[in-house]
Amino acid sequence: MKNLNKIPSPKIICLQILILFSLALMAGLGGNFLRSAPLALVQDWSVDAQLTTEDGHTMALGLDQAIAVFNKKSALFIDARDISKFNQGHIKGALNLPWHDVQEQFMAVAPQIDPSDLVITYCDGNTCTLSHDLAFFLKEMGFNVKVMTGGWDAWLNAEMPVESINGDNENV
Amino acid sequence: MYNFKENRMAGNTQSPTSKISIPLIFYHGARWILGVIFIYASYDKIIHPFDFATVVNNYQLLPGELVNFTALVLPWLELFMGICLLTGWLMPGTAIVSTGLLFIFTMIIYYNIHRGLDINCGCFSTSEDTMPANIFTITRDTVFLLLSFYLCWFSFIGSNRRRRTAF
C-alpha cells in the first residue's frame, strides 16, 4: 500500500496532471485514427448543416416561412417536447409527439397525420434538438417534414396563436 | 494550506497506513467508487464518439470547432482517471483533475437546466432515449464532487494531520 505521508511536490503534481492529459490525448486521437470510420476533428455543427439530408436538401424552416404555412393552414405542426410542456402551451392545432416517448406514442399519433401534408416539428428554441431528432424519424417513416428552427420561443415572441390543454392560455 | 517545507523538516518516515483509520477507509472507498464510476461513464462514449459529440454539441457551450475534439479526448480522460483512481497511480494529481472536471460538469448541467434546455445529460450514456438532465442529475454529480473533493482534502491535509497527531 502507498505511503500517503509522501505528498508529491507541486512540480510532481503538475507532471501527474500532464501525464493524465497526454495519455487521454494520445488515446483519443490515436484511437480515432485507427477507426474504420473516424470522426472528423472539425465538423460543421450549425443548425442548417445538422438539418441537411444526405441528398443535400435542408429541413430547416425559418419562422416567417412557418407563419406563412400556418396562415394557409397547409401544414401540421408537431410538438416534440414532453407532455407537461405541451399542456402548458403549444402552437394552436399542434399535435404532441414527445421525442423521448416516440416509440410508444408514434402509433397513436400516426393516424392523425395525412401523408400528403407538410409536417413541421418544433421544440423549445434554437438550442433544442428534439425537433431535429423527431424530424429525421418522421422522414424515415415516409412523411414530408420540416423543422421550425426558432421553435416555441420564436413563435411566442412573434405573438402567434397558441393554446393550452385546459384552454386557459388560449391566444387566437 | 499545506506546508511542504514543514512536512519535509518534520522528518517523519513512519507510514500512517500502518494504522487503519476511518478517514483512510473513506479515502480508499471514495477512490474506488469514483474509479468505477469514471470507467463506467467512459465506456459508451468511447464506443460511440459521434453520438457523444452530438451530446456535447447539444450543450451549446463549446464552439463547433472544439466539439469533436472534446468528444474524442474527454472519454479517454475519464477512463484513465478511473484506472488511476482504482490503482492509486498518479495521485493526488488525478484527484485534482477529477474534482475540477466534476465541478465543471455540475455547473454546466445546472446552467443548462437554469436556461431551460431539455437535453440529455450524456453522463453515462449517449443514447437519446435517456431522460433529460434534471435536479436528480445535479444531486448525483454533487455527491461525486464531494467524494472527489474529499480525496483532495485527504491527500493534502487529512493525511498530514494524522501524521502530526501521531507524534
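Visitor: In which hand does helix 3 of chain B cross helix 4 of chain B?
Guide: This is a predicted model, so take the geometry as computed from it. Helix 3 covers residues 49-58 of chain B, and its axis sits 8 Å from that of helix 4 of chain B, at an angle of about 120°. That makes the pair oblique. As for the hand of the crossing of helix 3 over helix 4 in chain B, it's right-handed.

Visitor: How many charged residues does the contact of helix 3 with helix 4 of chain B have?
Guide: On the helix 3 side you've got Pro49(B), Phe52(B), Ala53(B), Val56(B) and Asn57(B). They meet Val67(B), Asn68(B), Thr70(B), Ala71(B), Leu72(B) and Pro75(B) of helix 4. Sorted by class, that contact has eight nonpolar and three polar residues, and the charged count is no residues.

Visitor: Is helix 2 of chain B roughly parallel or antiparallel to helix 4 of chain B?
Guide: The axes of helix 2 (residues 22-47) and helix 4 (residues 64-87) of chain B come within 7 Å and cross at roughly 155°. The cut-off for this label is over 145 degrees, so helix 2 of chain B counts, relative to helix 4 of chain B, as roughly antiparallel.

Visitor: And what is the hand of the crossing of helix 2 with helix 4 in chain B?
Guide: Here the residues in contact include Leu34(B), Phe38(B) and Ile39(B) from helix 2, with Leu79(B), Ile83(B) and Leu86(B) among those from helix 4. The contact divides into 14 nonpolar, three polar and three charged residues. The crossing itself is left-handed.

Visitor: What separates the C-alpha atoms of Leu34(B) and Phe156(B)?
Guide: Along the chain, these two are 122 residues apart.

Visitor: What share of the contacts in chain B, at a separation of 6 or more, comes from residues 24 or more positions apart?
Guide: Chain B has six helices and zero strands, and 40% of its 167 residues count as buried. For contacts with a separation of 6 or more, the share from residues 24 or more positions apart is 72%.

Visitor: How far apart are the end C-alpha atoms of residues 93-113 of chain B?
Guide: UniProt, in an unreviewed entry, lists this span as a "transmembrane region", along with residues 20-43, 66-86 and 133-157 of chain B. Residues 20-43 are 92% helix, with end C-alpha atoms 34 Å apart. Residues 93-113 are 100% helix, and their end C-alpha atoms lie apart by 31 Å.

Visitor: What is the helix content of residues 12-34 of chain A?
Guide: An unreviewed UniProt entry puts a "transmembrane region" at these residues of chain A. Their end C-alpha atoms are 32 Å apart, with 0% strand and a helix content of 100%.

Visitor: Which residue with a positive phi follows helix 6 of chain A?
Guide: Helix 6 takes in residues 130-140 of chain A, where Leu130(A), Ser131(A), His132(A), Leu134(A), Ala135(A) and Leu138(A) are buried. Their cover includes helix 5 (102-109), strand 6 (144-148) and helix 7 (151-157) of chain A. After helix 6 of chain A, with phi near 100°, comes Gly142(A).

Methods. Residues numbered from 1 in each chain as written. Chains lettered and ligands numbered in written order. Predicted model: local features only at pLDDT ≥ 70, side-chain atom pairs only at ≥ 80, totals over all residues. Axes fitted to C-alpha atoms, helices over the stretch in contact; angles between N-to-C directions. Helix = DSSP H or I, 4+ residues; strand = E, 2+ residues; numbered from the N terminus. Parallel < 35°, antiparallel > 145°, perpendicular 65-115°, else oblique. Left-handed = near helix turned anticlockwise from the far one by under 90°. Contact = placed C-beta atoms within 7 Å. Nonpolar A, V, L, I, M, F, W, Y, C, P; charged D, E, K, R; others polar. Buried ≥ 20, exposed ≤ 12 C-beta atoms within 10 Å, placed from the backbone. UniProt positions renumbered as here; feature names shortened; annotations may be inferred.
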